[in-house]
Amino acid sequence: MKKITLLITTFNSTSQLAYTYLKERGFCVDVVYAINDTQMIEEVNAFKPDIILCPFLKKFVPSEIYNHYPTFILHPGIRGDKGAYSLDNAIREEKKEWGVVYLRANDAFDGGDIYAEVPFSMRETTKASLYRNEVNVASLQALKIVLETLKNTSFSPIKQLPTPLHKQLTQADRKIEWQSDTTHEILKKIAMSDSHPGVVDEILGLTCKLYGGWKEERLQGDVPKQILAKRDGAICLSTVDGAIWVSHLEEIGKFKLPATYVLKERLKGIKEERLPLIFDTSYKTFYEISCDIKEEVGYLYFNFHNGAFSSDKCMKLKYAFEYIKEQVKVIVLMGGADFFSNGIHLNILEDSKKNGEDGWSNINAMNDLVKSILFADDVVTVASLEKNAGAGGVFLALGCDYVVMREEVVLNPHYKTLGLSGSEYHTYTLPKRVGEKKAQELLEACLPIGAKEASEMGMVEQVFAQELYKEKLESYCLSLIEDEDAYEDFLWEKEDYLEENRALIESKREDEIKVMYPEFWEQESSFHQLRYEFVYKICPRETPQRLKYKR
């Protein structure tokens, strides 16, 4: 068994995790997008795989495929669970344990024999966060089990239970009853609908979908659904027993944006309820930047929605970094709950009436943030890639002295698929770690890489398993300062090196920006069309050629 087809709806985080794992272990991997039956059958037959894996598939597999090729479908539910919106139902029913299964495709929806099942504990969080964390980790474990069981000729699969499809949730099931629903119920409805399909509601006369719910402990209104405050793009709404923050809204027919961007002038008179630059997490509320200092090591968290860095968030994180580094010997960039960083904020740029100007501002703000990290010669910097990173987010991490990565994380160190050449000092940091030739290959190939490959090419210093990741990270960071003389020597050498090479490093940024200028400002730039398709989630018309197997 050497040739594997990934039959998928889109190349999401779960698909990419399977792709990188298989490629790193020598499998010949071909990707097929499930666009229509004829196209799927033709592409599968052209490759003639030994098996087909479907880590993320919304379409039904044609019988012409599963009757000729062993086909296995990942379902984000436990044995007996069948149907779409599996995680939505699990959150709605407040399940404490859930899991994933790999089923053999047949003519019954989620009715095939089970070849792998992996349980996990449920967190009180959003569907999107569960999917990007627990489901992804479990999906990789299940994939490994499938590959092993297929080697075992005596293996007998588990029969799927003869249960009916679970409830198909509608907007009626997700609807918030502001006059009676508790804070807990409202947050649960938003959580089970994030990031699709959202909760349809009306805010200040505007019909839109709600995303990103946070509990608020201090603010309280006189009547339910009263807007109490705004903060960093989010709005605070009163409930019958408290208040919640909603970070993002999506006007019907448009795309997701910070709530204040959608409501605009409707929020006139609503006060900005500010927090300190770095919140101490002493009570429950909506916040994005926090820090935990332990034994002269500062762990700086930046939980930006979907890992998107707008100009203002870049500046705030830059100020937070510069403030914290004065108090510690090591500063660790931790990222957020679901992503480390994905670079500039494409949705805000698409919404802007001045695409070029705002895009230019965003990339320069991102560069200024990376510069602060890159030239921090009075502290040791570490990037903790415990979550996925893409585009400028990868190069934000590479601006640090050391990079630590979790085994199940996927990196996308490229920009080209969005019509950008990129900046963030990547023409300095990437070749410095992997060499000029490999750096160019990564930028041109536009393929995800896993932890194993990233480590082997020298992109990261350490790779830790998910188990006890935080403990291993903390131990690693403490090891950087346990020898005081070695620590001081490192900083002196770093200072000397940066001083000697400052002009060279800055010239890299200047050259990058020169190339990017027309990509933002010229109307015929492919960036505008590709950004539009990304933001509006335009369905692909064909499988991208970069994902096809090449001998």
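Contact means heavy atoms within 4.5 Å. Helices (H or I, at least four residues) are DSSP runs, numbered from the N terminus. The model is predicted: local features need pLDDT of at least 70, side-chain atom pairs count only at pLDDT 80 or more, and totals for chains, interfaces and linings use all residues. Residues are numbered from 1 along each chain as its sequence is written, and side-chain values use heavy atoms, without hydrogens and water.

In α13, His426, Leu430, Pro431 and Val434 meet Glu436, Lys438, Ala439, Leu442 and Leu443 of α14. These contact residues comprise six nonpolar, one polar and two charged. Ala, Val, Leu, Ile, Met, Phe, Trp, Tyr, Cys and Pro count as nonpolar, Asp, Glu, Lys and Arg as charged, and the others, Gly among them, as polar. Helix α13 spans residues 426-434 and helix α14 residues 436-445. Their axes, lines fitted to C-alpha atoms over the stretch in contact, come within 7 Å and cross at roughly 120°.

Helix α9 (residues 311-324) and helix α11 (residues 355-374) cross at roughly 15°, with axes that come within 8 Å. The two are therefore roughly parallel, a label for angles under 35 degrees between N-to-C directions, on a scale from 0 to 180. The contact includes Phe321 of α9 and Met366 of α11. Its residues divide into seven nonpolar, four polar and four charged.

Zero disulfides (cysteine sulfur pairs within 2.5 Å) are found in the whole structure. For Cys400, the nearest cysteine sulfur is that of Cys477, 10 Å away.

Conventions. Parallel < 35°, antiparallel > 145°, perpendicular 65-115°, else oblique.
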